[in-house]
Amino acid sequence: MKFLIGLLLSLFSLNIFANDFMEFGNEEYLAKESNWFIELGAKYYRWDLDIPPYNGVHHDIGNDEKVSLLGPELAFGAEIHLFAGLSFSLKGRGFYVSEITGELGKASEDFDYDLAKVDSDASMYGGEGAASLNYTFVTSLVEIQPFAEVAVGTAQSYNNIKYTFEGLSPSPTAEFYKAKLTEKFITRKLTLGFNVISKYGIYSYFKASAETLTLKERKLNYSWEDQSSSDSGSVDEKDLNKEISITTYAIGFGYLF
Amino acid sequence: MQKLSLIILLLLSLVSCREVEEKFLYDKDDPRLLELERAKCLEEKIYDEIKLVNDFSRYTLNKSYLFKRTSKIGTGTDSTEAQWGVVISAINPGVSMTVSIRKPQEVYHLTYSLADSEAIVDIVTNGTCAKDKYKKTVTETTIKFSHVLRRIIEASTDPDVDPPRYDEYTRNFYLNTEFPALFYYFKGSIVEKKIQNGNSTSTTTYTHSLSDLDCTNSDNNKYCRLTGNAENGTALEIYNCTTVISSSTIYTLENISDNASEASLVKFTPSTDKCNTILF
């Protein structure tokens, strides 16, 4: 589903080349002047969940449990024209990414009963201030604007994983896994990307970022029971300085005005 | 502007998408699942409620009903085949009830024990919660169950292929908390189909129903009077019958039978063979 929506969004982005794309905009937009802008896009990255491993009858959690986070980002800022095709942008940006997945273990093909269930909610949100240096190449149809951006900010993640298995008689018996993980980060980011700008000032952007997240606080509550053992506990850690490196990707569109 | 709105909507839907994957954990014939299925079935409220029918004190002495059997061929109109009076004529809580059936010339007193009532409930409970036995639908007060019997007219050479000619007999019953368990027999329907090469060549539907009967109204004497003379002046013939729970406790859905009337949980025996005339 998400893939289809992503594909649809990409097609919309390509549609920007059409002359009649969108009915608003100002044909008087001038590339070589300073502008305000607003951006809306989608951000994606893979993220490691640092939660206790588990080996259940119908669900496992590995040591390096990964989730794919995807969600919107919104930015607002100003582009200041310097000289020739060179410009400088300052922006504030917020984002919210998540992966909400579930797994239903039906008893059998002809017994529609949820014997096992997995709910996995992973999310992260944050905000950052960013500055970028841009250079605009003007073509006959659109403007191509490569840019390099640096950003700093904060982020918080929230993860809630639940697994239950009702059990059968005489075996396997019922089991469960629950983990709630909250983490706070300081973020730093170096981004490379480019904008494709139409004559109306509407643009698509494509970018990849190398992000470093410094884990500052971590709170974990967990409990689990499998076929042979059980455990529970909580962790509340502060003043951490663990660095985590990830690569993120984003596409979206914006409007210069 | 509509296009912009659509894009924003699509972006927002990215975060609201919940991907739920379904998988089947066990083989459908796993005995542990059969036991679980039965246990979950028994958790349905109706299976506690239906035990109320074993409390005979809930029923009203001399409460009377009109039993009506109609038949319909194909999509034709209903014609009435029989109308009898059904009266709760004795209640001995915890032991037995007597249900009297008034036909034009005869009265049948059916002694119906607590054990019979409990057995009917058990059979229906086990049969409707067992896999591939009775088909069932339930409400808060009713278990509707049915089964199909076949009378083979011309056998198939391949056991996995339907016979070229057979009669199919589908009986639908209702067990309702508002009526004694024995009354399942007076409510429901029978559908008889003649099947030839997979096509139905004729269908006859019989419907059994009960409605309240006012025995204070002398017009209903022909249904309510249990002693003395019939309306034509001749003495009513009285028969005392006992009920016997069928030895075939649970019918499989596709049981092959020569005698469709065995599709009843209760037989009326034996003080006299006349008791069998109240069977359908």
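# Questions on a predicted model

Reader: Between which two strands of chain B is Pro180(B) found?
Author: This is a predicted model. Pro180(B) sits in a loop of chain B. The loop runs between strand S8 (165-176) and strand S9 (188-196).

Reader: Is Pro180(B) buried or exposed?
Author: A residue counts as buried under 20% relative accessible area and as exposed over 50%. The relative accessible area of Pro180(B) is 1%, so Pro180(B) is buried.

Reader: Which residues does Pro180(B) touch, leaving out residues up to four places away in sequence?
Author: A contact needs heavy atoms within 4.5 Å. With residues up to four places away in sequence left out, Pro180(B) touches Tyr59(B), Ile88(B), Met97(B) and Tyr112(B).

Reader: What distance separates the C-alpha atoms of Pro180(B) and Leu52(B)?
Author: Along the chain, Pro180(B) and Leu52(B) are 128 residues apart.

Reader: Which residues does Tyr184(B) touch, not counting residues up to four places away in sequence?
Author: Not counting residues up to four places away in sequence, Tyr184(B) touches Ile120(B), Phe145(B), Phe173(B), Tyr174(B), Leu175(B), Ser264(B), Leu265(B) and Val266(B).

Reader: Which element gives the most to the lining of the largest pocket?
Author: The largest pocket holds about 270 Å³ of space, and 16 residues line it. Elements that give two or more residues to the lining include strand S4 (65-83) of chain A and strand S1 (19-24) of chain B. The most, four residues, comes from S5(A).

Reader: How many charged residues does the lining of the largest pocket have?
Author: Among the lining residues nearest the pocket centre are His59(A) and Glu65(A). By class, the lining has six nonpolar residues, four polar and, as charged residues, six.

Reader: How many strands does chain A have?
Author: From the N terminus on, the elements of chain A run α-β-β-β-β-β-β-β-β-β-β-β-β. The secondary structure comes to one helix, and the strands number twelve.

Notes:
Residues are numbered from 1 along each chain as its sequence is written. Chains are lettered from A and ligands numbered from 1 in the order in which they are written. This is a predicted model: local features need pLDDT of at least 70, side-chain atom pairs count only at pLDDT 80 or more; totals for chains, interfaces and linings use all residues. Side-chain values use heavy atoms; hydrogens and water are left out. Buried means under 20% relative accessible area, exposed over 50%, partly exposed in between (1.4 Å probe, protein chains only). On a 1 Å grid over the protein atoms alone, a cavity is a set of points where a 1.4 Å probe fits but cannot get out, and a pocket is an open set with protein on both sides within 12 Å along at least five of seven lines; lining residues have an atom within 4 Å of a point. Grid points are joined across faces, edges and corners, and a volume is the space filled by probe spheres set on the points. Ala, Val, Leu, Ile, Met, Phe, Trp, Tyr, Cys and Pro count as nonpolar, Asp, Glu, Lys and Arg as charged, and the others, Gly among them, as polar.
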